[in-house]
Amino acid sequence: MKTTTVFLWVTLLAPASGWSGDCPDWTHDEAIENIKRLASEVVQHDERYFHQNAPGISDNEYDALTDRLKQWETCFGSVQINKSSAGSHRAKIPHRAVMGSLKKASTIEDVDNFLQALPGDEVLVQPKIDGVAVELVYCHGQLVQATTRGDGKSGVDIAHHIKHMPLIPATLAGYGDQEVILHGELFARLDRTDPNVLTRYASARHLVAGQLNRSRPDSDVLGAFDFFPWLWINSPFASDQQSIKALAQMGFSLPLEHTHVVHSPDQVVQLSTNYFADHNFPFLMDGIVIKVASSRFRTQLGWSGNAPGWAIAWKFSGQSALSEVAKIAFTIGRTGRITPVVHINPVHIGNRTINRISLGSVAKLKQVDLAAGDLISVSLKGRATPVFGQVLFRPQNRIHPDYPEQFH
């Protein structure tokens, strides 16, 4: 693994009001050290993901770690990180429009609150495809620029790769005089990708990321890549439905097939359930996207930071979650057997709330080197028993337990 350097400039401020209940109780020095450590961990995971095709953690665990890093940065002020990231050895190109990220709904109550706050316009639901976010730019009907999301303001040039993907139109008929800027998801079609190729990667998303990182990608593999546009930046139409119909005529047909008008939270739940249960779709997905249809109302709702106020993502209930170890206690049975019980900050998996995990033995506790303050992954075995996954991050100020004496 190549050496990676992370530079931090941190100005500690009062915790932001939005995170005040979740911010760690750290000193100035502890905050700097822990943010630096977690940022370095994320860089190492990026290296394994993009350059080595050997991710050490799941996509859900990676997303949870990056979300936690953003939370800590919000809690403790303005943090700038200059790091060696995936694709940084290649040219970066500024986006024509900032590529933001969606706010996430954790529960159906969050979805209901989002719908209640809308001005009565039609609401659309689309699958949240698990791929790589990219920007495509067409001028005079020709594809002239293609970039990855990157930092949201600029991304890696992948125009050479896109031109080897026959499923993505190289020209747009009927839009010769208009610049067309599309944001969407580049993904591997499961119905066209060789299963033997997929077995060499952790997921279909890793396959896409791996090929984009190659200077000489496999043209046969690229032939199965497709693009799902989820935002036409400079659309001339008044509603997303009109834009989607026009996109289908250009050659982007998937949004027309997978966009649904909804009027209630119950319909959203039903669509989410259907997408989660049906494994015959040509794409890998990890949830659904709920968004306002009208361009006028989107303008009114605007953006909050780098997230649009007119759309949210609702991810499928995962089989694992990230949590922080609150404390480690011990129970002693009648025979003298000592069992460590890990108390964690409550997390929701499926319809279960998990706040403690049994580690089985003191030997196992010592083997995994677990301490209060650690961030760990938790899952359900057989949808019933909470089990420990792995330690994802060990902070500077972690607290090891006091082990009890052995009884006989």
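D63 and K315 join their side chains in a salt bridge, N to O 3.3 Å (a side-chain nitrogen of Lys or Arg within 4 Å of a carboxyl oxygen of Asp or Glu). D63 sits in helix α2 and K315 in strand β15 (residues 311-315), so the pair ties together parts 252 residues apart in sequence. Helices (H or I, at least four residues) and strands (E, at least two) are DSSP runs, numbered from the N terminus.

This is a predicted model: local features need pLDDT of at least 70, side-chain atom pairs count only at pLDDT 80 or more, and totals for chains, interfaces and linings use all residues. Residues are numbered from 1 along each chain as its sequence is written, and side-chain values use heavy atoms, with hydrogens and water left out.

The salt-bridge count is 13. R189 pairs with D226, the closest N and O atoms 3.0 Å apart. R189 lies in the loop between β9 (180-188) and α5 (195-198), D226 in strand β10 (residues 225-232), so this pair ties together parts 37 residues apart in sequence. Both R189 and D226 are buried (under 20% relative accessible area; exposed is over 50%, partly exposed in between; 1.4 Å probe, protein chains only).

R398 and D369 form another salt bridge, at 3.6 Å between the closest N and O atoms. R398 counts as buried because its relative accessibility is 18%. D369, at 30%, counts as partly exposed. Salt bridges with shared partners also join D63, K128, D286 and K315 into one network.

C23 and C75 form it, with sulfurs 2.1 Å apart. The S-S torsion is about -90 degrees, so the disulfide is left-handed. C23 and C75 are both buried.

Key. A disulfide is a pair of cysteine sulfur atoms within 2.5 Å.
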